[in-house]
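Have the sequence and the 3D view open as you read.

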Amino acid sequence: MNREELLRLVVWQYAAVVAASVFSGVVAGLNGGLSALCGGLCVAVPNSLLALNMLLWVSRRDGANSAAVLVGIFVKMFVTVALFVVVAKFFPNLNWLAMIFGILAAVGSYFLLLINKH
């Protein structure tokens, strides 16, 4: 995956999260829109940090080794789960259905990019 594809993936992911938030906001009100936004950002932010880290690895002269990539993916998964816990704990009026919709929109953006690419 080259730099442009990685950046396109991040942009598509945030666009899908915003679209899911707007849709949830229209259907379920402000609380639903914020819940979808929080759910999507719980996935998109760690993915963006991993993408940034991968871009920095690629720019290094010696490149990235597989252990560094594996550690980055495990850190991303840990941060994603930690963000889910924080949102669930500190968002008292969380609309779970809208949050799951935001998560699915962020994860589903990968498939949208694959379909768009081929």
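## The aromatic pair

Rings of Phe, Tyr and Trp (its six-membered ring) pair if their centres lie within 6.5 Å; planes under 30 degrees apart count as stacked, over 60 as edge-to-face and the rest as tilted. One aromatic pair is present in this predicted model. It joins Phe23 and Phe101, whose ring centres are 5.7 Å apart with planes at 50 degrees, so the pair is tilted.

Phe23 belongs to helix α1 (residues 3–59) and Phe101 to helix α3 (residues 96–117), so the pair ties together parts 78 residues apart in sequence. Helices here are DSSP runs (H or I, at least four residues), numbered from the N terminus. Phe101 is partly exposed, at 35% relative accessible area; buried means under 20%, exposed over 50% and partly exposed in between (1.4 Å probe, protein chains only).

## A helix with a kink

A straight helix of 57 residues would span 84 Å at 1.5 Å a residue, yet α1 spans only 10 Å between its end C-alpha atoms. The expected span is 1.5 Å times one less than the number of residues. Helix α1 has a kink of about 150 degrees centred on Ala28, where the bend is the angle between axes fitted to the seven residues ending there and the seven starting there.

Val58, also in α1, counts as exposed at 60% relative accessibility. Its C-alpha atom is separated by 42 Å from that of Val27, 31 residues apart along the chain.

## The nonpolar core

A nonpolar core is a set of buried Ala, Val, Leu, Ile, Met, Phe, Trp, Tyr and Cys residues joined through side-chain atoms within 4.5 Å. The largest one has 10 residues, among them Val17, Cys42, Val87, Phe91 and Ile103. Both α1 and α3 supply at least two residues each, and the largest share, four residues, comes from α1.

Not counting residues up to four places away in sequence, Val87 touches Cys38, Cys42, Leu94 and Met99; contact means heavy atoms within 4.5 Å.

## A buried asparagine

Asn47 sits in helix α1 and, at 9% relative accessibility, counts as buried. Apart from neighbours within four places in sequence, Asn47 is in contact with Gln13, Lys76 and Tyr110.

## How the values were made

Residues are numbered from 1 along each chain as its sequence is written, and side-chain values use heavy atoms, with hydrogens and water left out. In this predicted model, local features need pLDDT of at least 70 and side-chain atom pairs count only at pLDDT 80 or more, while totals for chains, interfaces and linings use all residues.
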